[in-house]
Structures are given as structure tokens and as C-alpha cells.
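Have a look at the structure first, then read on.

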Amino acid sequence: MPVIAIIGAHWGDEGKGKIVDLLAEQADMVMRFSGGDNAGHTVVNQQGEFALHLVPSGIFSPKATSVIGNGVVVNPRVLLDELGALKQRGVDVSRFFISDRAHLVMPYHILLDGLEEDARGGKAIGTTRKGIGPAFADKASRLGLRTSDLLDKDVFRERLHAVLTGKNTLLTKVYNADPLSEDEIFSEYCRYGEILAPHICDTSALLEKAVDDGKKIMLEGAQGALLDPDFGTYPYATSSSPLAGGGCLGVGLGPTRIDDVLGIFKAYCTRVGGGPMPTELQDEIGGCIRELAHEYGTTTGRPRRCGWFDAVASRFSTRVNSYTQAIVTRLDVLDTMPALKICTAYELNGEKIDYFPASAVTLEKCQPIYEELPGWQTPISDIRDFAQLPLQARQYLSRLEELIACPISVISVGMRREQTIFKSPVW
Ligand code: IMP
């Protein structure tokens with residue numbers, strides 16, 4: 001299957017980084033298609049441990065071309081820091097490209113993200129405050145500046161001037177904040193443009209050629225399906241589509257050319273930031289999962305909210321992404337649990353429902369209805385063969401498979417690449 005999309009099936013942080021890094025060994029091209037540096041992937045490989053925010057995980061592959069697609073909003077300062085740190089540790093970044101249509105995260109986006117969050121008070125979304133929402137809002141409002149604008153200083157100056165005048169009015173008159181200096185932003189971003197220029201190109205054209213040549217291509221999702229602005233727990237959502245459909249838009253490829261959609265499901269659920277999470281465990285078990293799995297955000301360091309596997313939300317995720325394969329990560333985290341719960345339905349106003357409601361307010365009222373399965377209570381991180389997994393682990397996976405309505409092809413049982421069980425080949 002030459003073109004695959006890797007999608008976070010829950011609220012992000014499902015362990016996509018490890019899976020992409022693992023599969024990138026065989027890929028010819030790895031493309032990020034949504035989000036920005038709000039994303040955070042931890043990759044552990046022979047070269048060490050890396051926290052990536054913008055650069056695709058394929059950067060570690062000796063042959064793959066790594067691409068930031070048009071659907072990503074790029075903070076050039078963060079990108080250059082990340083590339084610099086990778087280079088310093090001996091990673092080859094010469095096969096790295098950015099779409100000339102990708103929008104830029106500007107200093108006012110970051111300021112406004114924080115100011116808007118503060119203004120929301122108790123109803124804050126819990127954004128990463130990286131300016132992602134305001135950057136995508138400007139894209140939709142036709143106020144965005146793009147990487148291609150960086151390549152022509154006159155165009156960049158003119159666009160910046162027009163946009164910054166409005167932003168400074170907003171900053172000073174609405175938020176009582178200080179205005180930003182056009183000259184400072186201009187010279188800072190021109191410097192970024194000069195360094196990034198050799199990497200900026202029409203990446204959709206690169207992709208088309210690679211697809212035509214039968215190359216193996218991976219579309220690397222960020223965040224998770226339940227944070228999608230249309231299908232996620234709106235307004236507690238991100239601002240670009242992490243879905244497989246978003247993958248097409250975010251790289252410039254039609255849907256008929258994607259061969260396989262891989263949903264990455266964590267063996268339990270986590271969420272960072274605000275918004276409903278029906279299976280959240282605010283007890284000892286939730287805390288135990290957090291500490292065992294070190295569930296703290298890669299980007300913000302915030303503790304992740306932990307809970308049992310939500311099969312209602314997961315089945316919905318399968319529906320809106322049409323997964324062809326499921327990958328279950330972090331199964332080993334459940335090793336010590338005497339019993340495991342799976343949420344198979346919700347109780348809403350005294351009635352049992354099996355759908356994922358559109359309204360976050362409604363979802364907030366949903367109580368999980370659980371099915372309980374026995375735990376395996378033995379370490380599984382050294383197992384490489386599906387048949388060697390304890391019976392209870394196989395039963396748990398088989399029940400998940402049934403509930404999410406998608407075959408499981410891979411199971412991750414540890415952070416390292418080799419701690420992976422292939423039930424069937426992915427590529
Ligand atoms: P934003 O994307 O920074 O605007 O944040 C919107 C929501 O998405 C917040 O709840 C964030 O915590 C969440 N979010 C954004 N990026 C990630 C991610 O990579 N993993 C998990 N949650 C994320």
C-alpha cells in the first residue's frame with residue numbers, strides 16, 4: 001500500500017511519534033499535514049530521545065524526504081530551533097521541505113492565543129498558547145502570511161503592514177496590551193526566510209511525483225480525531241482537521257490516492273486541556289496510569305487526564321476516518337491492573353446511548369457504562385509475537401477490535417522501536 005495516513009484516534013498523544021518513526025524506516029516520504037507546534041511527538045531511537053513539534057518524525061530515516069505540508073501552520077523560530085537541535089545531534093536534515101502555501105505563526109498569534117484564553121476565564125479551552133488557533137483563524141479570514149511571502153521581501157512587508165495595523169488596534173484597544181513593532185517582526189522574519197528559502201517549495205508537486213513513481217508515502221497526523229473542529233468535542237477542539245480527510249487537504253492530494261488509513265488508539269484514553277472526557281478517572285487508578293506511563297504533555301508539560309478506553313468515542317473515530325487498520329499503543333501500561341474497564345455505552349439522563357453526542361455540554365453529562373475484563377498482571381514489554389501475549393491481553397485486544405470495528409495490525413508494548421508486535425504487516 002503506497003500511501004498511508006497515520007491518524008490519532010482519540011484526543012492526541014496516542015503514541016503516533018513512535019509508530020511513524022518505526023514505519024518511516026520503509027517510507028520514501030513523510031508529510032505532516034495539520035496543526036503546528038502545538039503537536040508534540042516523543043521519538044526514542046538509536047540516535048537518542050527527541051521531542052519533535054514541527055519536523056516530521058521521518059527526519060530520522062536515512063532515505064525518507066520529510067515534508068511540512070500546506071495544512072500546517074509554521075512558527076519559523078520554533079522550526080529553526082528544532083532543525084538546529086537535530087543537526088547538532090548529527091541528524092541529516094538535507095531532505096527536508098516546507099510547502100510554499102503553509103501559513104506562518106506570527107508573534108501576534110501567540111500573544112492573542114494567551115489573551116483570548118485568559119479572557120475565557122473558567123471556560124478556557126486549555127490551548128497550548130502557541131498561537132495555533134489565531135493563525136488558522138487568520139487563514140480563514142484571508143489575513144494570513146505564508147511561507148511563500150517570506151521569499152519576496154516587498155510582498156512580505158506590504159502584507160505585514162496591512163495585517164499588523166489591525167492586530168495592533170486589537171491588542172491595544174481591546175486587550176490593553178502593547179503594540180508590536182512592524183520593523184522588528186519584518187527583520188526577524190526576513191532572517192528566517194533567508195535561512196528557510198532552500199527548503200520552501202511546492203510540496204504537493206513533490207508528492208504527486210512520488211505517488212506516480214509508486215513511492216511509499218506516509219501522511220503524519222497531529223493531535224487526534226476527537227479534537228477535530230467539526231467532529232471533535234467542539235469548542236474544546238483544535239483549529240485544523242486531524243482527520244484522514246484533513247490529510248488530503250493538508251498535503252494537496254485527492255482522497256482516491258490514499259490507500260490505507262491507520263488509526264492509532266491508546267490502550268486507555270488521555271486528554272490534555274479542557275473539555276469533556278467521559279471515562280476520565282479522577283482517582284488512584286487515573287493517577288497510577290499517569291505515573292506509570294508518564295502522561296505529561298510533550299509540548300506544555302501539563303499532566304494528561306487519564307481514563308479507561310472509551311469505545312463509543314473510538315467507534316465514532318473509526319466512522320469519521322474510515323480506518324482500514326488500527327494500532328494499539330501502550331498496552332504494557334495496563335500490565336499491573338487486576339481488572340480493566342472498557343466504556344461500551346453512555347448513560348444520558350437515565351437512558352443508555354451508544355452514540356457520541358455533538359454537544360460538549362451533552363457529552364459532559366454522559367456517564368460511562370463499563371464492561372469489565374480481567375487483567376493479565378504480568379509484564380509484556382519483551383513479547384514480540386502476538387500468540388505469546390497472555391490470554392487476557394489477547395481477549396482485551398479482541399474486544400477492542402470488535403468495538404472499534406477495525407482490525408488491529410500492530411500492538412506497541414514499550415517506547416522503543418523493537419517493543420512492537422506486528423499481527424500483520426502495515427505496508
Ligand atoms: P490548540 O491546538 O493549542 O489551540 O489547543 C486546543 C486543544 O487541543 C487544547 O485542549 C490542547 O490541549 C489540545 N491539543 C493541541 N495539540 C495537542 C496535541 O498535540 N496533543 C494533545 N492535545 C493537543
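Between domain 2 and domain 3 there are zero salt bridges, a salt bridge being a side-chain nitrogen of Lys or Arg within 4 Å of a carboxyl oxygen of Asp or Glu. Bear in mind that this is a predicted model: local features need pLDDT of at least 70, side-chain atom pairs count only at pLDDT 80 or more, and totals for chains, interfaces and linings use all residues. Residues are numbered from 1 along each chain as its sequence is written, and side-chain values use heavy atoms, with hydrogens and water left out.

So where do the domains run? Here they are, with bounds from an automatic or database domain assignment.

| Domain | Residues |
|---|---|
| Domain 1 | 3-100 + 200-261 |
| Domain 2 | 103-196 |
| Domain 3 | 265-320 + 329-406 |

The centres of domain 2 and domain 3, taken over C-alpha atoms, are 37 Å apart. Five residues from domain 2 and five residues from domain 3 make the contact (heavy atoms within 4.5 Å). About 310 Å² is buried between domain 2 and domain 3, with 50% of it on carbon and sulfur atoms; buried area is the accessible area (1.4 Å probe) that two parts lose on being put together, summed over both. On the domain 2 side, Gly126, Thr128 and Lys130 supply 74% of the area buried against domain 3, more than any other three residues.

Now for the structure as a whole. How many salt bridges does a search of the whole structure find? The search turns up 25. One of them joins arginine 304 to aspartate 13, with the closest N and O atoms 3.3 Å apart. Arginine 304 sits in the loop between α9 (284-292) and β13 (305-307) and aspartate 13 in the loop between β1 (3-8) and α1 (16-24), so this pair ties together parts that are 291 residues apart in sequence. Those helices (H or I, at least four residues) and strands (E, at least two) are DSSP runs, numbered from the N terminus.

Histidine 294 is also in the loop between α9 and β13. Its phi is near 45°, a positive value in a residue other than glycine.

Another backbone detail is the peptide bond from tyrosine 234 to proline 235, which is cis, with omega near 5°. Proline 235 belongs to the loop between β10 (217-220) and α8 (244-251).
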